[in-house]
Amino acid sequence: MKAVIMTAYGNASCLEIQDVEKPMIGENEIFVRVMGSSVNPVDCKVRQGDVKFISGRKVPRRIGSDYSGIVEEVGRNVKSVKSEDEVFGMVRAFTGDAYAEFITVTEDQIALKPKNLNFIEAGVMPLVGLTIYQLFFEVARVSYGSKIMINGCSGGIGHIAVQVAKSLNCDITGVCSTKNIEYAKSIGVNHVIDYLKENILAHESRYDLFFDAVANLTYKQAKHTLTLKGQYVSSIPSFQNMILAPILNLISTKKHKKVWVMPDAKNLKALCGLIEDGKIFPTIERIYPIEEVADAHRHSETGRVVGKIALSF
Ligand SMILES: NC(=O)c1ccc[n+]([C@@H]2O[C@H](COP(=O)([O-])OP(=O)(O)OC[C@H]3O[C@@H](n4cnc5c(N)ncnc54)[C@H](OP(=O)(O)O)[C@@H]3O)[C@@H](O)[C@H]2O)c1
């Protein structure tokens, strides 16, 4: 079978398509023919070697987090899906292997694909959708009608956050550059701040949730924009939000948190429900055939993508 192999750590040229052996599945595993995937910034960070302390150091290795596809075979203990089911999901981002013709997953990493999405659309949703599902319903437990700031509202996680916030009837302030103002309004942002023209921290508004999707700010910088019980959540784990914040949160009404997406079949099923109810829909800026995966990574690394970059198989 064909799979994308990282031959070294470094720029996108180290991604190659190679023939690898088709694995045998275990009794708790599911073998999926991959039809769609996507490029997430974390895939580029793994490739660059920025997160070796989590991803490991060994190369050559496989890569990729998101997948959609068709179940080929299931192990005898698998109950949640069967052969021929159309599915989607994510594997662990730092050790992923989803850029391949086939992958082996476990039941916590799979759910039936939303019926109203094709394989390309479904293949871009799992990682960003789960991140935002876990942010809104587990990390921050956002209430209906909250005031929300989304820094980076036009990107992969940002555009899903806007739509989930909209479904909760939140008042949404979104930050993006001039070129994305109309797009941001079109997906539901109520107040757009153009970071090229305005200081986003100088506004008088106060937020129940400040979601820093770009993670170019700190809690200290954004704290004054929070309501008394407001929460600042960063998309990038740091010493501050992992180690210090849980202690300082005990004595402050304002909270400093991080989101760290994990595969979760129950969350994936709930995400599927939100998609099928028409509450969220992915924007896909461009689809690359898997043979052009290196170009897809270069595109993602511009940091300017609106919505998602899809990979087709
Ligand atoms: N912790 C987790 O579990 C988790 C999960 C998913 C993602 N992440 C991380 O979260 C970050 C964002 O992910 P993503 O998928 O949304 O990335 P992305 O799709 O590459 O984000 C691109 C978007 O960011 C916007 N942007 C760039 N600079 C900005 C700035 N200074 N202010 C506001 N917006 C800006 C761009 O809008 P303009 O072109 O208008 O500038 C563009 O639309 C990445 O670092 C990723 O690794 C973490």
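**Entry 1: Val39 and its surroundings**

I started from Val39, which, once its neighbours within four places in sequence are left aside, is in contact with Ala296, His297, Ser300, Ile309 and Leu311 (contact requires C-beta atoms, placed from the backbone, within 7 Å of each other). I note that this is a predicted model, in which local features need pLDDT of at least 70 and side-chain atom pairs count only at pLDDT 80 or more, while totals for chains, interfaces and linings use all residues. The residues are numbered from 1 along each chain as its sequence is written.

I placed Val39 in strand 3 (helices, H or I of at least four residues, and strands, E of at least two, are DSSP runs numbered from the N terminus).

**Entry 2: helix 10**

I turned to helix 10, residues 293-300, where Val293, Ala296, His297 and Ser300 are buried. Seen down the axis of helix 10, these buried residues fall within an arc of 100 degrees, so they line one face of the helix (the arc is that of the directions from the helix axis to the C-beta atoms). Among the elements that cover the buried residues of helix 10 I listed strand 1 (2-6), strand 2 (15-19), strand 3 (29-39), helix 1, strand 15 (284-289) and strand 16 (308-312).

I found an open sheet of 3 strands in the order 2-1-4, with antiparallel pairing (two strands pair if DSSP finds at least two bridges between them). Its edge strands are strand 2 and strand 4 (61-62), each of which pairs on one side only. Strand 1 and strand 4 run antiparallel and are joined by 2 bridges, and I noted Arg62 in strand 4 as the bridge partner of Ile5.

Elsewhere I checked strand 12, residues 207-212, which is mostly covered, with 6 of its 6 residues buried. Strand 9 (residues 147-151) runs parallel to strand 12 and is joined to it by 4 bridges, with Phe210 in strand 12 as the bridge partner of Met149. Strand 12 also pairs with strand 13 (residues 226-234) in the parallel sense, over 5 bridges, and there Asp212 stands opposite Ser234.

**Entry 3: domains and ligand**

I recorded the division of the protein chain into domain 1 (2-125 + 282-312) and domain 2 (128-258), with bounds that come from an automatic or database domain assignment. The C-alpha centres of the two domains lie 27 Å apart, and 8 residues of domain 1 are in contact with 9 residues of domain 2.

Of the 31 residues around the ligand, Gly155, Gly156, Ser177, Ser235 and Val261 come nearest (near means a C-beta atom, placed from the backbone, within 6 Å of the molecule or strand). The largest share of the shell, 3 residues, comes from helix 5.

Key. Contact = placed C-beta atoms within 7 Å. Buried ≥ 20, exposed ≤ 12 C-beta atoms within 10 Å, placed from the backbone.
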